[in-house]
Amino acid sequence: MPLPCRGSRGSPACHRSNSVSGNYFTVDLHSTNTIGSRMVEIQLQMSERALELLVLPDHPCYILDLGCGSGLSGHVIEDNSHMWVGIDISPAMLGVAVEREIEGDLILGDLGHGVPFRAGAFDAAVSVSALQWLCNADRKFHNPVKRLYKFFSTLYACLSRTARAVFQFYPENNEQVELITSQAMKAGFFGGVVVDYPNSTKAKKFFLVLMTGESMSALPAGLGAEDNVDRNRIQYSKKGNSKHDPLRGTKGKLAKKSKAWIKQKKQRWARQGKETRPDSKYTGRHRSGRL
């Protein structure tokens, strides 16, 4: 059975979530006591950075924590005088959050099924180290493209039209970044990827910054790369990304609308399940413009 919403607010924005099997993701509650302080410190730092990228107003806001786990991000949200609701797929991790007596409301649910909240319920959304799991097909019936779109479309609906959503995530490769951003833009978001410390192997962090408003503000600069600001800000829009994803260097960039560029784009569309015309001898050929 799903955990109900819990907390003093009574969660007016909440609908009943679908049940999720407890066997999907389990954690030894005893082992959580042995988590290194360094790991906790990193988690808290990433949560603080994600909250900074939200650019929240001075007054208290209502924030959705996606993949809240044991409530570490929620603790940072509370310290900044905001209210929050957390959703996570793991009953064990939510149990830890309850034991820690966090102030936020908790819901058991799979993000791939969408987020079960009313339209415009939240002022912002934040997520730390959870988004990349939606790219996996952990069960036979899982389709990463459909799960990502379901997640982003329902998230877009439950955010106000001035809201931001910030995701710290760990992409495995270029294709994951493109898959995630394409589904977010398809759902209606604007935004891009901010990369902190892009020249560091260990400290590099990826943040997907999404906005709901039509007038998209400029993306913030990533940390640790003041000498090359453009390199650690990759902007996207509904019409597509203007640059390659942040995992790819500038070398080897294909000329736009060249034959190779068109074939690469068609292959990408095919991987995403979009209808794509087969190649022919006319693919990529420039027309003279004469009748």
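Mentor: Let us begin with a definition: a surface patch is made of residues with over 30% relative accessible area and no salt bridge, where like charges are joined within 9 Å and nonpolar side chains (Val, Leu, Ile, Met, Phe, Trp, Tyr) within 5 Å. This is a predicted model, in which local features need pLDDT of at least 70 and side-chain atom pairs count only at pLDDT 80 or more, while totals for chains, interfaces and linings use all residues. Residues are numbered from 1 along each chain as its sequence is written, and side-chain values use heavy atoms, with hydrogens and water left out.

Trainee: Which residues gather in a patch of positive charge on the surface?

Mentor: Lys and Arg count as positive and Asp and Glu as negative, whereas His and the chain ends are not counted. Here the patch consists of Lys 259, Lys 263, Lys 281 and Arg 285. Arg 285 lies in the segment after α6 (259–271); helices (H or I, at least four residues) and strands (E, at least two) are DSSP runs, numbered from the N terminus.

Trainee: Is Arg 285 buried, partly exposed or exposed?

Mentor: Buried means under 20% relative accessible area, exposed means over 50%, and partly exposed is in between (1.4 Å probe, protein chains only). Arg 285 is partly exposed because its relative accessibility is 46%.

Trainee: How many salt bridges does the count come to?

Mentor: A salt bridge is a side-chain nitrogen of Lys or Arg within 4 Å of a carboxyl oxygen of Asp or Glu. The count is four. One of them joins the side chains of Asp 196 and Arg 49 (2.8 Å, N to O). This pair links distant parts of the chain, with Asp 196 in strand β6 (residues 190–196) and Arg 49 in helix α1 (residues 37–54), 147 residues apart. Asp 196 is buried, because its relative accessibility is 3%; Arg 49 is buried too, at 8%. Arg 49, Glu 52 and Asp 196 are linked in a network of salt bridges.

Trainee: With which residue does Lys 266 form a salt bridge?

Mentor: The partner of Lys 266 is Asp 279, with the closest N and O atoms 2.7 Å apart. Lys 266 belongs to helix α6 and Asp 279 to the segment after α6, 13 residues apart. Lys 266 counts as buried at 16% relative accessibility, whereas Asp 279 is partly exposed at 47%.

Technical notes. Accessible areas come from the Shrake-Rupley method with a 1.4 Å probe; for residues, only the protein chains shown count as cover. The place of a charge is taken as NZ of Lys, CZ of Arg, CG of Asp or CD of Glu.
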